[in-house]
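I opened a new structure today and want to keep a record of what I looked up.

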Amino acid sequence: GLSTEKLMEKMEQQLPEDVYRLLKEIGETASELETPVFLIGGIVRDILLDRPNEDIDIVAEGDGIRLARGLKDAYGGEVVEHESFGTATWLTTSGLSIDVVSSRLEYYEKPAALPEVETSVLGDDLQRRDFTINAMAIRLNEEAFGELIDPFGGQLDLVNKNIRILHNISFIEDPTRIFRAIRFEERFGFRMDEQTEKFALESIDKVVHVSPQRINEEMKRLFKEGKPEKVLRRLFQLQVFQQFGIQEAQMEAACTSATTLVKLYWEQAQTESAIDEEQPSAFEYFLLPFYGDDKLFASAKFALTKKDLNLLEEITELQTETNWSEATQPGDIHLRLHTYSDEAILFVLAAEQIPGHDSVIAYLHLRRSLSKLLTGADLMTAGMKPGPHFSAILLNMEACQLNGDITSKDDALQWLSNYEENRIREVTADEIDTR
Ligand code: ATP
């Protein structure tokens with residue numbers, strides 16, 4: 001185990017100076033109030049892992065609200081009290097927000113099924129947590145600042161890279177912990193220990209009781225964390241997907257398109273600073289093959305948002321459009337694809353063999369840097385009557401811009417006057433025809 005001095009050193013090296021000072025101050029004030037106080041949860045894990053984390057969660061063994069008030073009196077700032085929860089948020093003068101929880105027994109209903117591991121009130125709090133690596137605390141009181149409280153062997157699990165639940169029914173109690181376990185596996189390169197994985201598999205049928213919103217959120221968080229292909233395979237391995245009727249072939253198809261999609265995004269990010277360097281994280285990209293024809297059902301099952309559904313709609317449309325990639329000139333491609341988002345186009349490029357792949361990629365680059373040379377106001381200044389044809393004119397102008405035929409506002413105005421002339425000529429010809 002890590003000695004108190006070593007841990008204190010680690011905290012001092014690793015936490016931002018103001019955060020470290022603040023933790024010291026909290027400890028001093030709490031000692032004056034004779035209240036044991038602890039840093040708890042994710043930040044403790046991350047201090048031990050040398051990873052940045054500034055989510056400061058504080059547990060006071062006693063009255064947390066009183067401690068928060070004491071901190072305000074001593075160091076200024078504001079206190080927001082949540083009386084019924086026994087919690088308070090101290091907003092420091094330096095702009096930090098510190099949640100202080102009271103760890104008094106009367107605030108908790110002790111779950112009957114849990115084994116008695118620790119009898120202290122802090123132990124009771126730790127016992128409710130998901131994994132051993134998240135169930136540690138660091139004492140902040142002046143006289144014992146830096147003492148690690150680790151009743152479940154979290155420190156050893158950090159060394160051994162284990163994700164381990166605290167008790168056998170943990171996943172049954174809260175099946176979202178299965179998603180959380182995978183998330184921590186991906187983030188840290190850890191693995192569930194044998195027992196934990198066995199319990200996950202045994203309680204996997206419970207995931208269907210998790211609300212669709214929650215599943216949607218958890219999935220999105222998962223895909224932000226790890227390589228999509230790895231996440232997809234792990235979800236399949238743990239039989240999460242099977243609970244939703246997703247077969248292996250569908251999972252494989254999703255893996256293939258996910259891998260290509262990530263590559264496409266990566267290439268784009270290399271050549272362009274404009275594009276978000278994050279890999280695409282929307283899980284619906286990868287799950288698309290799963291939806292089949294029953295999108296309504298799928299959208300209910302995964303609580304797809306309006307944005308998700310719009311994307312899905314775009315992708316479906318693009319996939320049924322047969323000749324969208326035949327054009328090679330960026331301007332011509334624009335006439336067909338201008339309404340579609342980058343995300344939708346990239347998805348279809350990743351999921352299917354498209355003959356005009358490279359032209360479309362080149363087009364997307366150009367489109368992102370397209371400047372607006374004319375607006376509707378310019379058209380009116382040029383004497384044109386506003387109407388739906390305005391957007392057609394502007395679209396055609398953009399196409400010429402993308403082909404390199406228009407490069408300045410002067411070019412655009414010149415083009416516009418020719419366009420008008422041609423149009424008037426056409427109209428006259430029509431009139432002659434109908435006579
Ligand atoms: P992140 O960096 O993703 O925020 P975190 O560990 O801080 O990681 P949170 O989701 O913010 O994760 O949760 C904060 C703490 O609350 C966790 O460290 C964990 O101890 C506890 N926790 C969160 N969700 C659960 C859960 N479903 N069951 C038990 N404990 C949980």
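The entries below go from the whole protein to single residues.

**Entry 1: ground rules**

I noted first that this is a predicted model: local features need pLDDT of at least 70, side-chain atom pairs count only at pLDDT 80 or more, and totals for chains, interfaces and linings use all residues. Residue numbers start from 1 along each chain, as its sequence is written.

**Entry 2: the whole protein**

I looked up the helices and strands. The protein has 21 helices and 9 strands. Both are DSSP runs, numbered from the N terminus: helices are H or I with at least four residues, and strands are E with at least two.

Next I checked burial. I found that 33% of the 435 residues count as buried. A residue is buried if 20 or more other C-beta atoms lie within 10 Å of its own, exposed if 12 or fewer, and partly exposed in between; the C-beta atoms are placed from the backbone.

Then I looked at contacts. Two residues are in contact if their C-beta atoms, placed from the backbone, lie within 7 Å. Among contacts between residues at least 6 apart in sequence, 64% join residues at least 24 apart.

**Entry 3: the sheet**

In what order do the strands of the open sheet of 7 strands run? I read the order as β3-β4-β5-β2-β1-β6-β7, with mixed pairing. Two strands pair if DSSP finds at least two bridges between them. The edge strands are β3 (78–82) and β7 (147–149), and each pairs on one side only. From one strand to the next, the twist averages 30°. Angles run from 0 to 180 degrees between N-to-C directions, and axes are lines fitted to C-alpha atoms, for helices over the stretch in contact.

I also found a helix on the sheet. α2 packs there and touches β1 and β2 (57–60). The direction of α2 makes about 150° with that of β1.

**Entry 4: strand pairs, one by one**

I started with β3 and β4 (residues 87–91). They pair in the antiparallel sense over 5 bridges. Glu78 stands opposite Leu91 in β4. The bridge partner of His82 in β4 is Thr87. β3 and β4 form a hairpin with 4 residues between them. Gly86 in the turn has a positive phi of about 70°.

I moved on to β4 and β5. These run antiparallel and are joined by 5 bridges. Thr89 has Asp99 in β5 as its bridge partner. This pair is a hairpin as well, with 5 residues between the strands. Its turn holds Gly95, with a positive phi of about 90°.

Then I took β2 and β5 (residues 97–102). They pair in the parallel sense over 4 bridges. Ala60 stands opposite Ser102 in β5.

I kept one general point in mind. Most residues other than glycine have a negative phi. I then listed two residues with a positive value.

Glu34 has phi near 55°. Glu34 sits in the loop between α2 (17–32) and β1 (37–40). Glu34 counts as exposed because it has 8 C-beta neighbours inside 10 Å.

Lys161 has phi near 60°. Lys161 is in the loop between α6 (154–160) and β8 (162–163). Lys161 has 13 other C-beta atoms within 10 Å, so it is partly exposed.

**Entry 5: helix α15**

I traced α15 (residues 306–320). This helix has 15 residues and reaches 21 Å from its first C-alpha to its last, close to the 21 Å expected at 1.5 Å a residue. The expected span is 1.5 Å times one less than the number of residues.

Which residues of α15 are buried? They are Asp308, Leu311, Leu312, Ile315 and Leu318. They cover an arc of only 130° around the axis, which puts them on the same side of α15. The arc is that of the directions from the helix axis to the C-beta atoms. The face turned away from the buried side carries the exposed residues Lys306, Glu313 and Thr320.

**Entry 6: two crossing helices**

I looked at α16 (residues 330–337) and α20 (residues 389–402). Their axes come within 7 Å and cross at roughly 145°. Among the residues that meet are Pro330 and Leu335 in α16, and Leu395 and Leu402 in α20.

**Entry 7: Arg423**

I ended with Arg423, which lies in helix α21 (residues 409–434). Arg423 counts as partly exposed because it has 13 C-beta neighbours inside 10 Å. Arg423 and Glu252 are 171 residues apart in sequence and 53 Å apart in space, C-alpha to C-alpha.
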